[in-house]
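The following exercises are to be worked through with the sequence and the structure at hand. Each task is followed by a solution in steps.

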Amino acid sequence: MSGKGKGFVFRYGSLTPSIVLFAAAVFWFLIFFLQTDGYAWSDERKIVLGIFSLGAAYLLIDNGIKLIKRLTSRTHQYLIITPLYVIDIENNDVSFWNLEQLVKADNIKWEDHRSVQTSEIVLKFDNGEKKINVGDIDTAERTVEEIEYLKKKYVESTVRNDFEYLDANDDFLGFETSTVETKRNFDYGFAFQAGKIAASLLLAAGVMFAGLSLNNYFDDKLSWQSAQSIDRASSYRNYVQTHPDGRWTADADEKLKSLYDSAEQKYRASLNKGFDEKAVEAISEILKYAKETKNYRVKVEFAKDIKIPPNIEGRIERRV
């Protein structure tokens, strides 16, 4: 660069925020998978987990890219303000704005949680803004005044065609025109942002698929263990109804058949002498029907069979 005028250099872009956000995203996914070892998630819970996972996926990808770029970069992040330009060096990317694009320079004061006053310089351009944290408030105020002065002088020199001043402070004088472009967009480009969003959606979808698969596995396992602990026909029926494709559905069916066979054996063993054979066979058929069809609700109707003997009047008279 050939500019000789006074300028300012600010180093920015600490790795700490990216590390914290990246770690927070990783921690969320850890918590997410720790929640899978229970009964099936409700639809409302799935929606909440999906939203949080999408946000965590974006933080993971966005900050992961920032960390990789910083760790593989040969430079750091600097914002250089010269008499003609605002130059942004971000890792291996260099871009700049003419001072005529600078709409306003503000000094914003604020206090942190420890009541320590600090300041932030905000450079507002015609297509976005840049923020620089400055610890000393007085330094920030003087810097903003100097920036406004440099902008004013740049505009005046341009209007007066003061090429001596412009050439003496042109940091890109001598560069090929094709290699120097004024930055018109603050982000990495629409395509890059869209790519990060698409990657976040894919990552979140993959995480949700894996989480739901694990949750279904644990729900199936816990439901089967619950059915075994109760060890009643109703518990096995409930497992089969709620988990028709469960890993232990066949075992539940076999257990149900065994329970119905055992019930029939106990029933026959409890019969008194002189029992009604037809009634016993009817009960056995009901149990067999329930066992084979899995239709456990059987409607039983008793038909009235009232026959009046032809000599009923004579019998009544004799008793009287």
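**Exercise 1. The overall inventory**

How many helices and how many strands make up the secondary structure of the protein chain?

*Solution.* The model is a predicted one. Step 1: the secondary structure amounts to nine helices and seven strands. Step 2: the protein chain has 320 residues, and 32% of them count as buried. Step 3: the accessible surface is about 21200 Å², with 57% of this area belonging to carbon and sulfur atoms. Step 4: among contacts with a separation of 6 or more, 58% are made by residues 24 or more positions apart.

**Exercise 2. Annotated spans and their secondary structure**

State which residues UniProt lists under "transmembrane region", and describe the chain over residues 47–65 and 197–218.

*Solution.* Step 1: the unreviewed UniProt entry lists residues 12–35, 47–65 and 197–218 under this heading. Step 2: residues 47–65 are 100% helix and 0% strand, and the C-alpha atoms at the ends of this span lie 27 Å apart. Step 3: residues 197–218 are likewise 100% helix and 0% strand. For this span, the distance between the end C-alpha atoms is 31 Å.

**Exercise 3. A lysine in helix H5**

Is Lys196 buried or exposed, and with which side chain does the side chain of Lys196 make a polar contact?

*Solution.* Step 1: locate Lys196 in helix H5, which covers residues 190–230. Step 2: the relative accessible area of Lys196 is 4%. A residue under 20% counts as buried, and therefore Lys196 is buried. Step 3: the side chain of Lys196 makes a polar contact with the side chain of Asp62, at 2.5 Å.

**Exercise 4. The nonpolar cores**

Identify the residues with the most contacts inside the largest nonpolar core, and then examine Leu123.

*Solution.* Step 1: the largest nonpolar core holds 29 residues, and Ile81, Val86, Ile121 and Leu123 have the most contacts inside it. Step 2: helix H3 (residues 137–160) gives the most to this core, namely five residues. Step 3: a second, separate core has 12 residues, including Trp28, Phe29, Ala56 and Ala204. Step 4: when neighbours within four places in sequence are left aside, the contacts of Leu123 include Leu79, Ile81, Val86, Leu102 and Ile147. Lys104, Glu129 and Lys130 are also among the residues that Leu123 contacts.

**Exercise 5. Positive phi values**

Where do Asn161 and Asp231 lie, and what is the phi of each?

*Solution.* Step 1: recall that most residues other than glycine have a negative phi. Step 2: Asn161, although not a glycine, has a positive phi of about 55 degrees. Asn161 is found in the loop between H3 and helix H4 (163–168), and with a relative accessible area of 48% it is partly exposed. Step 3: Asp231 also has a positive phi, near 55 degrees. Asp231 lies in the loop between H5 and helix H6 (233–242). At a relative accessible area of 36%, Asp231 is partly exposed.

**Exercise 6. Aromatic pairs**

How many aromatic pairs does a search of the whole structure find, and what is the geometry of the pair Tyr85 and Phe96?

*Solution.* Step 1: the search finds 10 aromatic pairs. Step 2: the centres of Tyr85 and Phe96 are 5.0 Å apart, with 85 degrees between the planes, and the pair is edge-to-face. Step 3: this pair links strand E3 (residues 85–90), which holds Tyr85, to strand E4 (residues 93–98), which holds Phe96; the two residues are 11 apart. Step 4: Tyr85 is buried at 9% relative accessible area, and Phe96 is buried at 6%. Step 5: Tyr217 and Phe218 have ring centres 5.2 Å apart and planes at 75 degrees. Planes over 60 degrees apart count as edge-to-face, so this pair is edge-to-face. Tyr217, at 35% relative accessibility, is partly exposed, as is Phe218 at 24%. Step 6: Trp28, Phe32, Phe33, Trp41 and Phe52 form one aromatic cluster.

**Exercise 7. An arginine in a loop**

Is Arg74 buried or exposed, and what separates its C-alpha atom from that of Asn92?

*Solution.* Step 1: Arg74 lies in the loop between helix H2 (43–72) and strand E2 (77–81). Step 2: the relative accessibility of Arg74 is 79%, so Arg74 counts as exposed. Step 3: Arg74 and Asn92 are 18 residues apart along the chain, and their C-alpha atoms are separated by 6.9 Å.

Technical notes
Residues are numbered from 1 along each chain as its sequence is written. This is a predicted model: local features need pLDDT of at least 70, side-chain atom pairs count only at pLDDT 80 or more; totals for chains, interfaces and linings use all residues. Side-chain values use heavy atoms; hydrogens and water are left out. UniProt positions are given in the numbering used here, feature names are shortened, and annotations may be inferred rather than shown by experiment. Helices (H or I, at least four residues) and strands (E, at least two) are DSSP runs, numbered from the N terminus. Buried means under 20% relative accessible area, exposed over 50%, partly exposed in between (1.4 Å probe, protein chains only). Contact means heavy atoms within 4.5 Å. Accessible areas come from the Shrake-Rupley method with a 1.4 Å probe; for residues, only the protein chains shown count as cover. A polar contact is a pair of N or O atoms within 3.5 Å; within protein, one must be able to donate a hydrogen and the other to accept it, and residues adjacent in sequence count only if both atoms are side-chain atoms. A nonpolar core is a set of buried Ala, Val, Leu, Ile, Met, Phe, Trp, Tyr and Cys residues joined through side-chain atoms within 4.5 Å. Rings of Phe, Tyr and Trp (its six-membered ring) pair if their centres lie within 6.5 Å; planes under 30 degrees apart count as stacked, over 60 as edge-to-face and the rest as tilted.
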